[in-house]
Every structure is written in structure tokens, then in C-alpha cells.
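Please read the following walk through the model with the structure open.

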Amino acid sequence: MQVNETLNEGLKRGYTITVTAAELDAKVNDKLKEAQPEVEMKGFRKGKVPMALLKKQFGPRILGEAMQESIDGAMSEHLEKSGDRPAAQPEMKMTNDDWKEGDDVIVDVSYETLPEVPDVDFGKIKLERMVVKADDASVKEALENLAETVKNFEDRKKGSKAKDGDQVVIDFLGKVDGEPFEGGAAEDYPLTLGSNSFIPGFEEQLVGVKEGDEKNVEVSFPEEYQAEHLAGKAAVFECKIKAVKEPKAAKVDDEMAKQFGAEDLAALKVQITERLEAEYSGAARAVTKRALLDALDKAVKFELPPSLVDAEAGQIAHQLWHEENPDVEGHDHPEIEATKEHTKLAERRVKLGLLLAEIGQKAEVQVTDAEMTQAIMNQARQYPGQERQFFEFVQQNPQMQQQMRAPIFEDKVVDHIFEQAKVTDKDASKDDLQKAVEKLEEE
């Protein structure tokens with residue numbers, strides 16, 4: 001078996017692998033001898049089938065296996081000796097298309113090798129980390145927002161007209177073609193106008209009604225309505241307005257705090273303070289991480305595999321196109337070409353991706369099973385009622401696992417760098433942090 005270099009320019013590599021016919025024949029014979037003791041064939045005892053007959057019966061299939069194993073083995077041996085790490089799956093092509101049994105096998109191999117990534121002195125990296133405390137105004141605002149979520153409704157002044165957001169208490173009777181239908185009636189039903197809990201167009205017609213009014217609401221059931229006998233049908237709901245109530249936020253006190261699982265208002269304030277400061281800390285970390293990546297981008301230069309850059313640029317262009325054309329859900333659209341801006345961003349992403357991967361490998365950073373399980377559980381919560389199916393889907397999908405593992409790995413590498421870099425805490429206001437986050441989103 002021979003491996004001859006045909007290309008060595010920058011990160012591009014090319015080789016010709018030659019597997020002789022004699023090597024293939026010897027490998028086939030070895031495989032047949034290994035299998036012979038277990039082979040049964042009519043007219044022969046187990047393990048006594050002649051080699052010539054075995055070769056005639058199974059030779060062509062085993063020849064293909066031997067060919068693939070020989071090429072893969074030669075490639076693995078070459079990579080081990082050379083130290084090359086292909087940036088993507090090497091391209092392999094058999095050059096003698098008219099190959100027949102008894103001929104040598106000649107395969108052309110090409111790939112781009114990953115570059116040598118220079119070391120970085122993390123101690124020379126200087127960063128600022130914003131530290132924001134939850135002030136009284138922020139805690140008060142959060143409490144008021146919570147009070148809105150547990151608001152009560154109180155009777156409006158007699159004769160007041162219902163507004164959007166008000167609650168009307170009604171008796172209603174629905175009819176289709178003049179006949180009542182099952183499930184179309186209720187008494188003392190509290191309906192919040194604007195909640196969109198009833199058929200489209202129903203709630204809007206009750207805006208302006210007063211206590212004691214009677215009103216016929218005319219609507220049509222949606223074509224896709226779950227009850228097939230009502231789908232698309234016109235209906236009239238005879239409504240009696242028994243009360244009009246306006247929303248009132250809950251009073252911010254110990255009783256409200258207990259509705260959110262706190263012992264009292266003071267304990268709820270502590271919980272809110274901790275939650276807000278955890279949010280601020282997360283946002284500040286994102287700002288500091290961007291500053292770190294900018295510093296690494298400037299500090300390190302090395303050659304990038306063109307194939308990785310082109311693939312990343314294409315992906316960026318494709319993603320941005322879909323963001324600008326949200327109505328196009330599939331991929332039935334004109335070919336999207338990457339611009340210079342896309343390529344520039346791709347170069348940064350590829351460089352930083354390779355750099356962080358190298359740093360993580362040298363630091364022996366690992367994503368634990370517990371961290372992966374937690375990440376899967378967190379994402380599974382986005383699919384209520386289908387958590388188990390999502391969990392099983394991820395377990396059976398290596399690509400999905402890699403997509404979830406990558407950001408965890410990156411964050412652990414970033415934390416590793418933070419520990420060695422010179423990071424200075426800086427007191428800041430919530431507004432300062434908000435501006436910094438908005439700047440990130442603009443870039």
C-alpha cells in the first residue's frame with residue numbers, strides 16, 4: 001500500500017492511495033479463513049467448505065469490504081503520521097473507473113487540514129465586568145407588574161359602558177339557523193373583553209354595552225372550528241349583560257406575596273431582588289463575553305480553511321435572507337449568494353470557533369452528562385406535554401446533541417479564560433447595562 005502526496009498548498013492537501021491487487025487478495029483470503037469455521041453449505045459439514053467455493057460464493061462482497069477497509073486504514077495511518085486534522089470529511093475518488101478484479105485500486109484523496117492555532121497569553125487580556133444592583137425602583141416596578149397578573153375585577157359605576165379590557169358577566173344563548181346548539185349557552189359567564197377567548201368578532205361587539213343591556217352578537221364559526229357541525233356556520237348569540245367590571249391590580253401586600261409562594265411581602269422583595277440581579281449578571285456576562293471575543297479576534301491570526309468559511313458565509317446569508325423574508329418557510333427560493341459582509345463575519349466566527357475549540361481541548365474542558373441532561377430538560381419545557389418525546393428525540397439524534405453541547409462547551413471555555421484574564425468589576429446602572437446590551441444587538 002502506497003500513499004503519495006500530490007498537493008501541499010497552504011491548508012490544502014492531496015494524496016494518491018494505491019492498494020495493490022495482491023494486498024486485496026491477501027485480505028480477502030484472511031477474511032474467508034476467519035469465517036470458514038462457521039460457514040455451513042449444503043453438501044459440506046460445518047467448517048469444511050472448500051476455500052475455492054467460499055471465494056466463489058462470497059468473494060465479490062468480501063472484496064468490496066476489503067477494499068474499503070484498506071483505504072480507510074491507509075487514511076487513518078496517514079493522518080496519524082502526518083498529524084493532519086481534516087477540516088471536513090476528506091473527498092475520495094477512485095481514479096481507475098474501469099477497475100476490475102485483479103487490478104490495483106487507486107484513490108485520489110483531498111482535504112483541507114485544520115491550521116495550527118497559536119497560543120494566547122490570557123493574562124494580557126484586560127476586561128471590565130459591569131455589576132448592577134437591583135434598586136428600589138426596579139423592585140417596585142416588578143412588584144407592580146406581578147400585581148397586574150393577579151388583578152381583580154370590580155363593578156363599574158352603574159350605567160358605565162364596557163371598555164376593552166373590562167370584564168362583562170353575561171348569560172348567552174347561541175343559535176344556528178334559529179336553533180340552539182349543544183355547548184352554546186351559559187349563565188353568569190365572566191368574559192374579559194380583548195382576551196380573544198371567544199369566537200373572532202364576538203368580544204368586539206360587546207364593547208360599549210351596559211349592565212342590563214340585551215344584545216345579539218352575530219358571528220361565524222371559523223372554517224377550521226373543532227366541532228365539524230359548526231365549522232363555517234353563521235351564528236347568533238343572544239346576550240344579557242348582568243355586570244360590567246373594570247380591572248383592578250391586586251394590592252401589593254403580604255396577601256399578594258403569598259399568591260407567589262412567598263411568606264410575606266418582604267420575602268417576595270428578596271426573591272425579586274435576587275432574580276433581577278441574576279438577570280443583570282447574565283446580561284453583563286454577555287457584554288463581557290463579547291469584549292473577550294473581540295480581544296481574541298484582534299490578538300490572534302492564522303490561516304482559515306476556505307471550505308469552512310464558505311460554508312459559514314452561505315449559512316449566514318441564508319439565515320439573514322429568511323429573516324428578511326419571514327413568509328417563506330421552506331427552501332423553495334432563488335439561490336442566495338454570500339456577500340463580502342457575510343464572508344467577513346464568517347471569517348470571524350470560524351476563527352473564534354477554531355480558537356475556542358483549541359483552547360478547550362488543551363484545557364481538557366468537558367461537557368458532563370449532567371450538564372447535557374439539564375440543557376435537554378430546559379429545552380424540553382418549551383414543548384409542554386411532549387417533554388418525553390423531545391428527550392427521546394435528542395437521545396437518538398447525534399446532530400441535535402452536538403448543537404446543544406456546542407454552546408455549553410463554548411461557555412465553559414469562556415469561563416476558563418475569564419479565570420486567567422484580568423477582569424475588573426465596575427459598578428454600573430441598569431440603564432448603562434441596557435445600552436450595552438442594545439449595542440450588542442445592533443452589531
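What percentage of the contacts in the protein chain with a separation of 6 or more comes from residues 24 or more positions apart? The share is 67%, where contact means heavy atoms within 4.5 Å. This is a predicted model, in which local features need pLDDT of at least 70 and side-chain atom pairs count only at pLDDT 80 or more, while totals for chains, interfaces and linings use all residues. Residues are numbered from 1 along each chain as its sequence is written, and side-chain values use heavy atoms, with hydrogens and water left out.

The protein chain holds 11 helices and 11 strands; these are DSSP runs numbered from the N terminus, helices being H or I with at least four residues and strands E with at least two. The radius of gyration is 35 Å, well over the 22 Å that the globule rule gives for 443 residues, so the protein chain is more spread out than a compact globule. That radius is taken over C-alpha atoms, and the rule is 2.2 Å times the number of residues to the power 0.38. Of the 443 residues, 32% are buried, meaning under 20% relative accessible area (1.4 Å probe, protein chains only).

Helix H8 covers residues 369–380. Its buried residues are Met372, Ala375, Ile376 and Ala380. They lie on the same side of H8 because they cover an arc of only 135 degrees around the axis, the arc being that of the directions from the helix axis to the C-beta atoms. These buried residues pack against helix H9 (387–395) and helix H10 (398–420).

Notes:
The expected span of a helix is 1.5 Å times one less than its number of residues. Buried means under 20% relative accessible area, exposed over 50%, partly exposed in between (1.4 Å probe, protein chains only).
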